[in-house]
Amino acid sequence: MNKFVREAKLWLIAIPILLWTLLPIYHIFLFSISTKDSAFSGALWPAKPTLHNFVVVFRQEHFYLHHFWEQIWNSLWIAVAVGVLTLAVATCAAFAISRLKVRGGRIVMNAALFTYFIPAAFLAVPMYKAMGTYGLLNSRWSLVLAMVTLASPYAIWVLKQASDKLPWELDEAARIDGATPLQLFRLVYVPLMMPSLVAIGTYALILAWNEYLYAFLLLSHENTIPLAVGLGHFLASDDSPWELLMATALVYALPPAAIYYAFRRYMVGGLTAGAVKA
Amino acid sequence: MATVAFREVQKSFGATKVLHGISLDIAEGEFMVLVGPSGCGKSTLLRMLAGLEDIGAGQIAIDGRVVNDVDSKDRDIAMVFQSYALYPHMTVRDNMGFSLKLRKEKQGLIDERVATAAKILNLEPYLQRYPRELSGGQRQRVAMGRAIVRDPKVFLFDEPLSNLDAKLRVAMRAEIKALHQRLKTTTVYVTHDQIEAMTMADRIAVMHDGRIEQLGEPLELYDRPTTLFVAQFIGSPAMNVFDGIVKGGAVEALGARWPARGGSEGQKVKYGIRPEHLEPAASGIAAEVIVVEPMGAETELLVKIAETSLTVMTRGRSNAGPGERIFLAPQAVHAHLFDAASGQRITT
């Protein structure tokens with residue numbers, strides 16, 4: 001009986017949360033399978049569901065979609081680059097701070113974390129200026145570098161906490177076995193950190209995939225913007241093609257969902273690894 | 001095989017001095033055990049020899065070569081850790097061959113060495129397994145195997161048996177000893193367990209508060225402890241020790257006269273006598289039996305004399321029961337006298 005009550009309470013909380021989360025997604029889905037006329041009908045299911053919107057999207061048959069494949073490629077390129085670069089920066093930093101105990105390492109990490117006190121929106125203008133100075137504006141690299149900057153402090157912190165948990169004796173055993181710091185990194189540290197690395201890589205990748213503000217600021221050409229900004233362009237006209245916007249959005253939402261699903265085993269463990277100071 | 005020499009080795013952590021000038025020579029092929037209570041500096045000394053801690057002052061030499069500024073990997077040593085420190089992502093085979101792989105040895109040689117070590121340690125069926133699939137004793141053997149394949153000059157053991165259960169510990173003790181007899185590699189073994197020290201060592205260095213209290217063969221330490229600390233640390237059950245005063249060629253203590261040699265008239269002493277030297281007799285010092293612990297081959301009695309508890313060990317069975325009075329007849333040759341103030345041995 002007691003168990004039943006507890007279970008019931010959990011359901012009472014879970015169901016509203018689930019509805020709250022799924023409602024917008026259902027809304028997107030509903031729009032994407034509706035015809036232009038029926039999109040705003042208010043029905044819970046369209047009278048004539050259609051996949052035509054997706055055909056239009058994939059064939060780039062609309063003014064706003066002329067660069068669809070190019071833009072989704074940009075999104076992918078940028079996200080993967082951000083994931084890889086963030087991982088490279090954060091893994092090396094965490095290894096140096098946590099395992100090699102580099103002097104001043106903690107200060108560097110705390111200083112990096114301190115940057116989170118400044119909202120990313122505040123940093124957008126200086127970032128724009130900096131990229132301009134380096135002549136990177138309108139190059140995908142500008143967004144990659146900006147996103148790596150934003151993702152790295154958190155990534156370093158999580159990886160540092162995770163690597164603190166690796167037994168110290170492993171490093172000592174490896175040192176006695178004759179490993180140089182680089183060999184220790186490559187042959188012992190990285191393999192053991194793999195779950196956390198996957199989690200952090202995914203985190204950075206999805207962060208970049210979803211980014212709008214910086215992408216909008218730093219990239220302005222139809223050929224260089226990621227799809228997130230491309231989606232924004234749909235709203236530029238008075239009569240926006242909502243059904244196409246939603247179909248594109250749904251397509252755009254699928255890769256991160258797939259990645260998250262594939263690595264879900266690592267995500268929960270990896271992202272909370274640093275949560276408690278053990 | 002190699003010699004190891006510590007010369008006036010010191011170490012401080014911040015303001016705390018943990019080693020006060022340790023000097024110790026370890027012979028080729030010797031099995032040296034460093035034993036002492038936790039915090040005595042024994043592990044620090046071992047880690048300095050391994051190159052895992054900086055040497056504060058003094059010198060450490062392996063085979064005559066001073067290694068103070070030599071990297072761990074160039075000292076030609078192998079270490080077995082208390083936590084085993086096996087690489088969790090490598091199979092037993094890869095764990096054991098790791099050091100050779102780092103040295104860029106040929107795969108053929110690595111396989112051969114690993115196979116030999118696995119045979120010695122009965123690990124052949126487990127070579128493809130991962131550490132998590134092994135029991136504690138098997139992991140310990142893999143850790144030893146990793147040390148063996150390198151054929152190092154010196155083996156270092158840092159409390160290798162502490163994580164094992166009692167029965168396995170005894171078995172592994174014998175295995176390590178047998179291994180040493182077979183390989184004859186100079187070995188430095190750190191433990192807090194005096195029984196491990198007694199059973200395995202060629203020589204024991206008893207450490208206390210960052211100093212070597214006494215250095216000697218196991219039975220020498222047992223029979224002639226030079227300080228009160230060693231007397232109480234070595235031996236199980238521990239030596240009985242109580243306060244007394246030397247009077248007329250014996251020691252007056254606990255309201256009785258205890259035979260002893262040495263000491264000057266009126267000197268305040270600590271009188272020490274091992275439980276097996278306090279056998280019950282027909283007459284002598286009266287004691288009340290509190291607890292009887294029969295162990296088969298021998299019987300341990302907890303007795304009380306003048307509100308002081310003493311342990312008595314008798315061979316065979318005892319028919320004494322709790323509350324009974326028995327008599328103890330200690331002999332002067334078995335008594336250990338220590339100065340009450342300094343704790344130094346007085347008895348000749």
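**Reading side-chain contacts in a two-chain predicted model**

Colleague: Let us begin with charged side chains; how many salt bridges does a search of the whole structure find?

Modeller: Side chains of opposite charge can pair when their charged atoms come close. Over all chains, the search of this structure gives 15 salt bridges. One of them joins A:D164 to A:K160, with 2.8 Å between the closest N and O atoms.

Colleague: Where do A:D164 and A:K160 lie in chain A?

Modeller: Both belong to helix α6 of chain A, which covers residues 140-164, and they are four residues apart, about one turn of the helix.

Colleague: Which side chain does B:K11 meet in a salt bridge?

Modeller: The partner of B:K11 is B:E53, at 3.9 Å from N to O. This pair links distant parts of the chain, since B:K11 is in strand β1 (residues 4-13) of chain B, while B:E53 is in the loop between α1 (42-50) and β4 (57-62) of chain B, 42 residues apart. B:K11 is buried, with a relative accessible area of 9%, and B:E53 also counts as buried, at 18% relative accessibility.

Colleague: Turning to aromatic side chains, how many aromatic pairs are counted over all chains?

Modeller: A pair of aromatic rings is described by the distance of the centres and the angle of the planes. The count for this structure comes to 24 aromatic pairs over all chains. Among them is the pair of A:Y64 and A:F234, whose ring centres are 5.2 Å apart and whose planes stand at 35 degrees, so this pair is tilted. The two residues come from distant parts of the chain, A:Y64 from the loop between α2 (52-59) and α3 (68-99) of chain A and A:F234 from the loop between α10 (227-233) and α11 (242-262) of chain A, 170 residues apart. Both A:Y64 and A:F234 are buried.

Colleague: Which residues do ring pairs link into a cluster in chain B?

Modeller: That cluster consists of B:F31, B:F155, B:F157 and B:Y189.

Colleague: Where does the charged end of B:R132 sit?

Modeller: It is placed over the ring of B:Y130, 4.9 Å from the ring centre. In chain A, A:R140 lies over the face of A:W77, at 4.3 Å from the ring centre.

Colleague: Which residues make the nonpolar surface patch of about 430 Å²?

Modeller: The patch is made by A:Y26, A:F29, A:L44 and A:W45. Of these, A:F29 lies in helix α1 (residues 2-32) of chain A and is partly exposed, with a relative accessible area of 32%. Helix α1 of chain A also holds A:K3, which counts as exposed because its relative accessibility is 60%.

Colleague: Finally, how many bridges join strand β17 to strand β18 of chain B?

Modeller: In a regular strand the side chains alternate between the two faces of the sheet. Here β17 (residues 298-305) and β18 (residues 308-315) of chain B run antiparallel and are joined by eight bridges, with B:K304 standing opposite B:S309 in β18(B). The two strands form a hairpin with two residues between them, and B:A306 in the turn has a positive phi of about 50 degrees.

Methods. Residues are numbered from 1 along each chain as its sequence is written. Chains are lettered from A and ligands numbered from 1 in the order in which they are written. This is a predicted model: local features need pLDDT of at least 70, side-chain atom pairs count only at pLDDT 80 or more; totals for chains, interfaces and linings use all residues. Side-chain values use heavy atoms; hydrogens and water are left out. A salt bridge is a side-chain nitrogen of Lys or Arg within 4 Å of a carboxyl oxygen of Asp or Glu. Buried means under 20% relative accessible area, exposed over 50%, partly exposed in between (1.4 Å probe, protein chains only). Rings of Phe, Tyr and Trp (its six-membered ring) pair if their centres lie within 6.5 Å; planes under 30 degrees apart count as stacked, over 60 as edge-to-face and the rest as tilted. A charge sits over a ring if NZ of Lys or CZ of Arg is within 6 Å of the ring centre and within 35 degrees of the ring normal. Patches are made of residues with over 30% relative accessible area and no salt bridge: like charges are joined within 9 Å, nonpolar side chains (Val, Leu, Ile, Met, Phe, Trp, Tyr) within 5 Å. Accessible areas come from the Shrake-Rupley method with a 1.4 Å probe; for residues, only the protein chains shown count as cover. Two strands pair if DSSP finds at least two bridges between them.
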